[in-house]
Amino acid sequence: MLPPARKALALELARLPTLTRLSLRLPDEAVATVSAEGPTTRLRVAGSWTIDSNEARGRPRPGIAKLATESDASSASILLTPAEGYTVTTEREDGAYTIDVVSRTPLKAPESKAAEVPGPADAGAAKPVVPVPQPTRKAEAPATPDAAPEAPPTRKAGSGLVFPFTTLPPAALFERGGVATLVFETAEPVTAPAGNQGLAPVGAPTRTGPVTVLRFRVPPGRLVDLAAVTTGTGSAWELSAGDTLSPSDTLDPVRKPDPSGRITVSLALPRPGSATWLDLDGERIAVVASAAQRAIGNPKSRRFVDFEILPSRHGLAVLASADDLAVRPQLDAVTIGREGGLAASTAARKPDPALAEAGTLAVAREPWEQARIGNVRETLRTLAGTAAMVPPAERGPARLALARANIANGFDLEGLAALEAAAAEDPLLATQRDVAILRGLALVRSGRNAEALKALSGPRLASDPEAALWRAMASAGLGDWKAAETGFPNALPVADGYPTDLAQQIRAQAAEAAIENGDAETAAARAEDAAHLPRWIRDRLALVRARVSEATGQADAALDAYARLEQVGQRPVAAEAQLRSTLLARAAGKIEPDAAIERLERLALTWHGGPTETGIAVGLARLYLDAGRWRDAFAALRRANAIAPNDPATQALSREVRTAFENLYLTDKGDRLTGIEAVALYFDFRELAPIGRRGDEVVRRLADRLVGLDLLDSAADLLQYQIDNRLTGPARSAVAARLATIRLMDDKPMRALQALDATNLPELPGELKRARALVRARALSDLTRTDLALETIEDESGPDIERLRADIYWGARRWREAGESHESLLGDAWRAGRPLDVQARADAVRAAIAYDLAGEAIGLERLKAKFSEAMAESPDARTFALLTGANPTKTPEFRGIAARATKADTLSAFLAEYRKRYPETALPERGAAAGERQTSAEARGAPPG
């Protein structure tokens, strides 16, 4: 038996001003590794491949001393040796592996160590939800030389499930919900062996990116274990279920900042493989296998705000709670992070150092309360008069006193005006700490949080705890809850020295910041009830406590608390409680989708402003998406973008809605839409259309819909824009063929030729070149350029070509050739002994008419001998008998039959044959019912006569 043919992988070379880049195109299933062999870097691709390096040979390669390729029975490799003074970096992304040779920095670069490179993410995994793409990672250079590979395992295989391999691959094992998930990162085929320990397979093994996933139901009361064993003939992994476990090591998460200062979590995992995202039972789990032979895993669940590290026997499994979570394997560790850094976790936090010793507070309790005693109007009038009457040298302190009294009584804008007037007149006063903090306080309470943050961020206030407190308040007002929670823990004690009402307001905001960051324990502590609280603060704290119940899984308690707040809470709190109650009840299945939508629609009519309005729009949009109410969902996103475009909830919704919009046109989700609905949705919400190649495909699908609605001009305009502004190369030529077809449908053959001529390229794929030739010949025929039309297709063959050739002869009134061509189309149908179909009867009638008009008695007699019997049993028997009788052209009926045959739509038959040959690129039938799928058998039209 011959070995399987090796598939070629193209190696391309690019020279840039700062580096030399080699790009190796890799398919999704290819598994690649990078290792260092002295000064040489080896890129190894496992499998039956060969590397085509012709593109990179015979060309200058700056920085590359030697380039070679190797192939053996199980892999293909690139070996690259950099020139002196250069170093090598590698990365895999977008279906290619890139090797960059760059000039070495003054510091000597460390040697690189073999690192497993992840394969491309599975396109089927969701957006999601959106569903979010798996990040790629670079093979990083370690600071130590390559470690020697582990010796083969010595433990003998037992009675468990044994999975033998040529080379022991990285593996992972974790259990969730009574189901053990086993992952192997290998290109070798994996099957589930039979066993007697009660491990029942759950489905067949599946392939996701570079890994194979197997799932087994675990017998109750049994412990699953994974061990590296020897089978006598090689190494293997053994999965077992019993009462004991083999010795293992523990993964301990450590919080640490990355080079940019963002918080990440790191785990020391020896010899990690790539990170692969799996969709298991509706959960998004990242799995990192390990090639270490000694078991190393996470013995218990470790919950963080953004993710959960699941219990695992070997390797790492991370359950994502955030869409942008990134799991990145390093050399002997795995790092978990987010683009903006992780939120505060439940891990114990060491006390941070104090910002600075708090001195005299800018907001002192006694003067604040004194300003609110007695006749406040008279007090403010007296202070304003004093500030106006005192000498200029004393005016600054007088205005500062007036500002303090105004702010204490809730007149923040008036106090802010007094502060700014005092600072403008007295430059020395403007530099004082108290003035800056009072100004920040007034700006925060006035809702001008961005200005407050800027005013409180000067160098002299960087370590001031009171300024830090109001920076946290400003961040909370902006919805930047992560920054707010970063500031509150150290600065919150400052509020103990504040007036009671102001301290209560700050603690309520701090409680909201904690729950927004998912820290339910801290939020519950800050939201404890107290006596003599103002009603609006009491309601806000009650709302936080209800949210704590929701976050900790106490849905019934949370719903009861929300219901009470809806009835007795102040209006802003009641509106938010109604929003959260509706969404929680729907998520818990306690109300139907229509009821949830109705409640939120009523709330949207009665409440406007703030994060609650944004939440209503976001909640409604998601409910509309689930219900398939696309127009309502898109309109809700538009409202959310108008209200709060920078809100994280709006941005997350925007990603979900854009994915849904894209799927309407690129998947079968849009099949239930009529053509008019699909076209109207696109033009009403075209800002949601994706960019890049998928956006181009959406436009082409939409053009098909427009053709189905007989809106040919609109369809042509869409494709013309693609050709003029979006596409290049063969893709542009393919779309031009579609445009030319639309022009033919619209009786504009000259414009069809112009579209083809403007996009002609010397080297096009054979099928595309043939399709363009068909359309071109048809356009030339419609322009009566018969000889050119025939010349265009003279070297082509096939049913579509023969029908087009017959149409060209018929249109040119070359009757003898037309008769022969139509007779040729009939082939041996007369031998079949069954009735002719509609198209065959039409061809027989056309052949007879052509022979009559050409005076071809011999051809007519031959046609009559072949098809008289078959046509006699058809509805066209009388017509065929007349056409093949004596002197048919002299009969009165002949003129009518010939006229009907001449007027018959031959373009429809041509396009039907075109669709059969090119179903992926052909247009639908003009004016066809919207949303219908094109079938492989197209109706040809009734025969004339």
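Between which two strands does the loop holding Asp281 lie? Asp281 sits in the loop between strand E22 (272-280) and strand E23 (283-290). This is a predicted model.

**Nonpolar cores**

- The largest nonpolar core has 68 residues. Trp630, Phe634, Phe661, Tyr665, Leu681 and Tyr682 touch the most other members.
- Helix H16 (residues 610-627) supplies the largest share of this core, with eight residues.
- A second, separate core holds 49 residues. Leu419, Ala436, Phe488 and Ala491 are among them.
- In soluble globular proteins, nonpolar side chains tend to be buried together.
- Tyr665 belongs to the largest core. Setting aside neighbours within four places in sequence, Tyr665 is in contact with Ala678, Leu681, Tyr682, Val698, Arg701 and Leu702.

**The five-stranded sheet**

- Five strands make an open sheet, in the order E5-E1-E2-E9-E8. The pairing is mixed.
- Strand E5 (49-52) and strand E8 (86-93) stand at the edges. Each has a single partner strand, so one side of each lacks a neighbour in the sheet.
- From one strand to the next, the twist averages 20°.
- Strand E2 (residues 19-25) pairs with strand E9 (residues 96-103) in the antiparallel sense. Seven bridges join this pair.
- Arg21 has Asp100, in E9, as its bridge partner.

**One face of helix H23**

- Helix H23 spans residues 749-758. Pro749, Ala752, Leu753, Ala755 and Leu756 are buried in this helix.
- Seen down the axis of H23, the buried residues fall within an arc of 160°, so they line one face of the helix.
- What do the buried residues of H23 pack against? They pack against helix H22 (729-745) and helix H24 (766-782).

**Asp306, a buried loop residue**

- Asp306 lies in the loop between strand E25 (302-303) and strand E26 (307-309).
- Is Asp306 buried or exposed? Asp306 has a relative accessible area of 6%. The cut-off for buried is under 20%, so Asp306 counts as buried.
- The side chains of Asp306 and Arg338 make a polar contact at 2.9 Å.
- Beyond neighbours within four places in sequence, Asp306 is in contact with Ala320, Ser321, Ala322, Leu325, Arg338, Leu342 and Ala343.

**Ala194, an exposed loop residue**

- Ala194 is placed in the loop between strand E13 (179-185) and strand E14 (200-201).
- Ala194 is exposed, with a relative accessible area of 76%.
- Ala194 and Leu161 are 33 residues apart in sequence. In space, they are 6.8 Å apart, C-alpha to C-alpha.

- Asp281 has phi near 55°, a positive value in a residue other than glycine.
- At 63% relative accessibility, Asp281 counts as exposed.
- Thr784 is not a glycine, yet has a positive phi of about 60°.
- Thr784 lies in the loop between H24 and helix H25 (786-792).
- Thr784 counts as exposed, at 61% relative accessibility.

Technical notes
Residues numbered from 1 in each chain as written. Predicted model: local features only at pLDDT ≥ 70, side-chain atom pairs only at ≥ 80, totals over all residues. Heavy atoms only, no water. Core = buried A, V, L, I, M, F, W, Y, C linked by side-chain atoms within 4.5 Å. Buried < 20%, exposed > 50% of the residue type's maximum accessible area, 1.4 Å probe, protein only. Helix = DSSP H or I, 4+ residues; strand = E, 2+ residues; numbered from the N terminus. Contact = heavy atoms within 4.5 Å. Pairing = 2+ DSSP bridges. Axes fitted to C-alpha atoms, helices over the stretch in contact; angles between N-to-C directions. Arc of directions from axis to C-beta. Polar contact = N/O pair within 3.5 Å; in protein donor to acceptor, adjacent residues only side chain to side chain.
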